[in-house]
Structures are given as C-alpha cells and as structure tokens.
Amino acid sequence: MYYFAKRYIGFTSEFGEYLIKFGKAQEKYIPKEIKELEKKYLWKFLEAFVSCDGHIRPEKDFKEYKSRPEYVFYTSSKKMADDIGEIILKCGYHPSFYLQKSKGKEVGATGWIVKPFVPDQLLKAVNIVLSK
C-alpha cells in the first residue's frame, strides 16, 4: 500500500498478477469481459480510466450553443485506444482519435480525444457550422 494523490492505494499480488496479463504500455487492451458490460458500467469504467490516464476539459460557451465537457484519454497502445473507442460507441457517443506528436516525431504517449456528442447534438453543431 502507498500514499498517492491524497489517498492510500494498494492491491494484492494476485490483483497485480491479474493486471499483468493485459500487457505493458504499448500492448495494453481492455478485456472482453469489461467491453461486454451494461452501458452504466461501461460509463463507470470510462470515468475511472479518465481519472487515471486522462482528464476532463470543462464545457465551453459559444454564441450558438454550449459545449459539453470533453473527455480526453491517453494511451500508447493502439489496441487500448480502439477498445476505448468501442466502449464510447456502446455508451452512445462518438470517439475522435488523434496521434500526439512532438517536434515531428512520434512520442511515447499517444493521445485520443473523445468529445461526448450524442448523434442529435453532433448534427446540430455541424448544421450551425455549415450555415455560416
């Protein structure tokens, strides 16, 4: 057990061994058992993931509309990014992916940004932009 971010964190060696099978940095993935959970649990998984390997950008006010908070997930694993995208789709949102680069070179961390638009809100935003 250790102290981090104003709380105690610990796990058993069995739990550590369980996590090892999901790969190291660029090999990590989300197991099928998690991806097959009900929508409410998938959303909880995303919230937990973003609290560890991401952040939430606050909502913004624009002239025509107010944006929703933007969830940003970071991973160096392409498979993990694909799995996160799959979960986001199952939650009714649309993922947006980009590769984070530094000085023209690929960096160790690849960042995927997720904007939580539901289809109707995305269509409304696109129509506002296109009408200009």
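Reader: Is Phe73 buried or exposed?
Author: Phe73 counts as buried, because its relative accessibility is 2%. Buried means under 20% relative accessible area, exposed over 50%, and partly exposed in between, with a 1.4 Å probe and protein chains only.

Reader: What kind of model is this?
Author: This is a predicted model, where local features need pLDDT of at least 70 and side-chain atom pairs count only at pLDDT 80 or more, while totals for chains, interfaces and linings use all residues. Residues are numbered from 1 along each chain as its sequence is written, and side-chain values use heavy atoms, with hydrogens and water left out.

Reader: Ok, and Phe49, buried or exposed?
Author: Phe49 counts as buried because its relative accessibility is 10%. The rings of Phe49 and Phe73 have centres 5.8 Å apart and planes at 50 degrees, so the pair is tilted. Rings of Phe, Tyr and Trp (its six-membered ring) pair if their centres lie within 6.5 Å; planes under 30 degrees apart count as stacked, over 60 as edge-to-face and the rest as tilted.

Reader: Which parts does that pair tie together?
Author: Phe49 lies in helix 3 and Phe73 in strand 4, so the pair ties together parts that are 24 residues apart in sequence. Helices (H or I, at least four residues) and strands (E, at least two) are DSSP runs, numbered from the N terminus.

Reader: How many aromatic pairs are there in the whole structure?
Author: A search finds five. One of them is Phe45 with Phe49, tilted, at 6.2 Å centre to centre and 40 degrees between the planes.

Reader: New topic. Which residues touch the most other members of the largest nonpolar core?
Author: Leu46, Phe73, Ile84, Ile87, Ile88 and Cys91, out of 13 residues. Such a core is a set of buried Ala, Val, Leu, Ile, Met, Phe, Trp, Tyr and Cys residues joined through side-chain atoms within 4.5 Å. Helix 3, strand 4 (70-75) and helix 4 (78-90) each supply at least two of its residues.

Reader: What does Ile84 touch?
Author: Leaving out residues up to four places away in sequence, Ile84 touches Ile30, Leu46, Phe49 and Phe73. Contact means heavy atoms within 4.5 Å.

Reader: And Lys40, buried or exposed?
Author: Lys40 counts as exposed, because its relative accessibility is 51%. Lys40 sits in helix 3 (residues 39-53).

Reader: How far is its C-alpha atom from that of Cys91?
Author: The C-alpha atoms of Lys40 and Cys91 are separated by 8.0 Å, with the two residues 51 apart along the chain.
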